[in-house]
Each structure stands twice: as C-alpha cells, then as structure tokens.
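Please go through the fold one part at a time. Keep the sequence and the 3D view side by side as you read.

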Amino acid sequence: MDKLYSHPQSLKKVPTHYCAGCGHGIAHRLVAEVVDELGIRDRIIAIAPVGCAVLAYDYWDFDVTEAAHGRALAVATAIKRVRPGNVVFTYQGDGDLAAIGTNETIHAANRGENLTVIFINNAVYGMTGGQMAPTTLAGQKTATTPLGRDVANQGYPLKISELLGALPAVKYVERVSLFSPPEVQKAKKAVKQAFENQINNTGFSLVEILSPCPTYWGKSPKAAMEWIKDTMTKEFPLGRIK
C-alpha cells in the first residue's frame with residue numbers, strides 16, 4: 001500500500017494553483033513518476049512556456065526553464081544541441097503549441113530533433129480567459145465563440161498529432177486521455193515511451209493528452225471527464241498515430 005501511494009521524488013509536496021478538476025496535476029504526476037522510474041532526474045530539463053503550466057517549476061523537483069509564448073521547442077532545440085547528454089522535454093498547451101508556436105512545432109518535428117513533447121489538449125485557452133483555441137471543437141462555446149465554433153468562419157479543429165505524424169522525421173506520436181484510471185495508466189505508458197525514445201536517440205516524440213478544463217468548459221469535474229470520453233475523443237481519436 002505504501003508503494004502504491006508513494007510520492008514521486010520528482011514532484012514537490014506543495015499546494016496547487018490549478019482549478020478544481022484540472023488535468024495538469026495528473027499530467028505533472030505522470031511525468032514525475034516516469035522521470036523517477038527511468039532514473040533521469042539528475043539530467044532532465046523541462047521547458048514550460050506561457051500558459052496554465054507556466055508555473056510547472058513550482059511542482060517538478062528537477063531543472064525547469066521558461067520560454068516565451070510558443071517558443072518552447074526553439075529553446076528545447078538549443079538546449080539539446082548544446083547539452084546532448086541531457087533529456088530535454090517541453091510541456092505545452094494547445095494554444096502554445098498549436099497556435100502561437102505552430103511554426104516552432106512543425107519545424108522542430110520536421111528536423112527530427114531528438115526531443116520529447118508533452119502536449120496538453122484541453123480545447124480552450126485556459127490561462128487567458130477561456131477563448132477559442134485551435135483545438136476547440138466545432139460548435140463548442142468559448143469566450144470568443146459564444147454561439148459555438150463555426151467552422152465556416154473559424155475553421156476546423158486542428159489535429160496537430162495527425163499533422164506531425166505525416167512528417168518523415170517524426171518517430172512517435174500517440175494521443176491519450178485522463179478521463180479514467182485505465183486511461184491515465186495508458187497515458188503514463190505513452191509518456192514513458194516518449195522519454196525512452198529520446199534516451200535511445202530515436203528522434204522526435206510527442207504525446208498528446210486530452211485533459212479536462214472544467215472552469216472554462218462550464219462543467220463539474222466529473223462532467224468534464226465524461227465530455228472527454230463521450231465527445232472530445234470523437235474529434236480526437238485515442239491511440240498511437242505513428
């Protein structure tokens with residue numbers, strides 16, 4: 001029982017600033033558990049750009065640096081090339097990775113940089129007030145789409161994982177979720193695979209995590225998890241893409 005509920009060494013014991021029901025706390029723990037299990041805490045470097053996870057360094061007990069909004073993969077590329085012996089990863093939301101940072105994302109992937117990307121998709125801009133994100137579903141209401149996303153005006157949700165999966169230099173892409181304990185375990189396995197790929201010099205790896213945002217979805221934490229399962233996964237199917 002003690003082993004089952006042991007606290008990861010790479011996760012600080014501090015209060016959270018995240019909203020009730022937010023998935024970032026779960027994702028943070030998964031990363032911390034994987035770092036501990038792989039024994040890479042002394043050589044891992046995380047890049048947390050602007051977004052809800054901008055304060056990730058308050059929770060992870062290993063080296064974390066920040067990057068300007070959308071520029072995490074540019075910073076990660078520089079660090080990895082200068083310090084190839086380190087394990088370098090970015091932790092990015094959909095607004096950061098798939099909107100402001102689309103350029104950095106696509107080109108780092110196309111170059112096949114030996115990096116790991118943890119991509120949190122909650123279908124909305126969480127930090128700045130719940131505006132429409134590139135991943136917002138058709139018909140989904142947000143602060144900037146009060147009548148629902150209209151694909152005729154705002155386009156379709158951007159499937160960044162499928163987009164990157166088409167690039168020849170990308171080695172591993174998987175989409176997972178957090179809506180149930182079994183799905184959380186699948187997410188952990190994918191995160192571990194993405195880090196192992198970098199350790200083995202396999203190349204660019206990305207794990208997309210469908211994560212709840214009850215505050216800006218206007219749902220209870222339980223209803224937010226159910227919405228991921230029943231609605232979000234229809235637009236963003238789970239599984240290994242590459």
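## Strand β4 and its neighbours

Isoleucine 118 has valine 207 of β6 as its bridge partner. Strands here are DSSP runs of E with at least two residues, helices are runs of H or I with at least four residues, and both are numbered from the N terminus. β4 (residues 116–121) and strand β6 (residues 204–210) run parallel, joined by six bridges. Two strands count as paired if DSSP finds at least two bridges between them. β4 also pairs with β3, in the parallel sense and over five bridges. There, glutamine 92 has phenylalanine 119 of β4 as its bridge partner.

This is a predicted model, in which local features need pLDDT of at least 70 and side-chain atom pairs count only at pLDDT 80 or more, while totals for chains, interfaces and linings use all residues. Residues are numbered from 1 along each chain as its sequence is written, and side-chain values use heavy atoms, with hydrogens and water left out.

Is β4 covered or open? Six of its six residues are buried. Buried means under 20% relative accessible area, exposed means over 50%, and partly exposed is in between (1.4 Å probe, protein chains only). Thr116, Ile118 and Ile120 lie on one side of β4, with Val117, Phe119 and Asn121 on the other.

## The whole sheet

Which strands make up the sheet, and in what order? Seven strands form an open sheet in the order β2-β1-β3-β4-β6-β5-β7, with mixed pairing. Its edge strands are β2 and β7 (239–240), each of which pairs on one side only. Helix α2 packs on this sheet and touches β1, β2, β3, β4 and β6. The direction of α2 makes about 175° with that of β3.

## Strand β1

β1 (residues 44–48) is mostly covered, with five of its five residues buried. Ile44, Ala46 and Ala48 point one way from this strand. Ile45 and Ile47 point the other way.

β1 has two parallel partners. Four bridges link β1 with strand β3 (residues 87–93), and alanine 46 has phenylalanine 89 of β3 as its bridge partner. Four bridges also join β1 to strand β2 (residues 63–66). Here isoleucine 45 stands opposite aspartate 63, and isoleucine 47 has threonine 65 as its bridge partner.

## Two helices in contact

Helix α2 (residues 72–82) packs against helix α4 (residues 102–111) at an angle of about 35°, and their axes are 9 Å apart. From α2, the contact uses Leu73, Ala74, Thr77 and Arg81. From α4, Glu104, Thr105, Ala108 and Arg111 take part. By class, this contact has three nonpolar, two polar and three charged residues.

Contact means heavy atoms within 4.5 Å. Axes are lines fitted to C-alpha atoms, for helices over the stretch in contact, and angles run from 0 to 180 degrees between N-to-C directions. Ala, Val, Leu, Ile, Met, Phe, Trp, Tyr, Cys and Pro count as nonpolar, Asp, Glu, Lys and Arg as charged, and the others, Gly among them, as polar.

## Empty space

Rolling a probe the size of a water molecule over the atoms shows where empty space is left. The structure holds one cavity of 30 Å³ or more. The space in the largest cavity is about 210 Å³. Of the 20 residues that line this cavity, Val50, Gly51, Cys52, Gly93 and Gly126 are the closest to its centre. β3 and α3 (94–100) each supply at least two lining residues. The lining of the largest cavity divides into nine nonpolar, nine polar and two charged residues.

The second largest pocket has about 180 Å³ of space. Among the residues that line this pocket are Leu11, Tyr18, Cys22, His28 and Tyr59. On a 1 Å grid over the protein atoms alone, a cavity is a set of points where a 1.4 Å probe fits but cannot get out, and a pocket is an open set with protein on both sides within 12 Å along at least five of seven lines; lining residues have an atom within 4 Å of a point. Grid points are joined across faces, edges and corners, and a volume is the space filled by probe spheres set on the points.

## Two positive phi angles

Alanine 123 is not a glycine, yet its phi is positive, at about 65°. Alanine 123 sits in the loop between β4 and α5 (151–154). Asparagine 201 also has a positive phi, near 60°. Its loop lies between α7 (181–199) and β6.

Asparagine 201 counts as exposed, because its relative accessibility is 60%.
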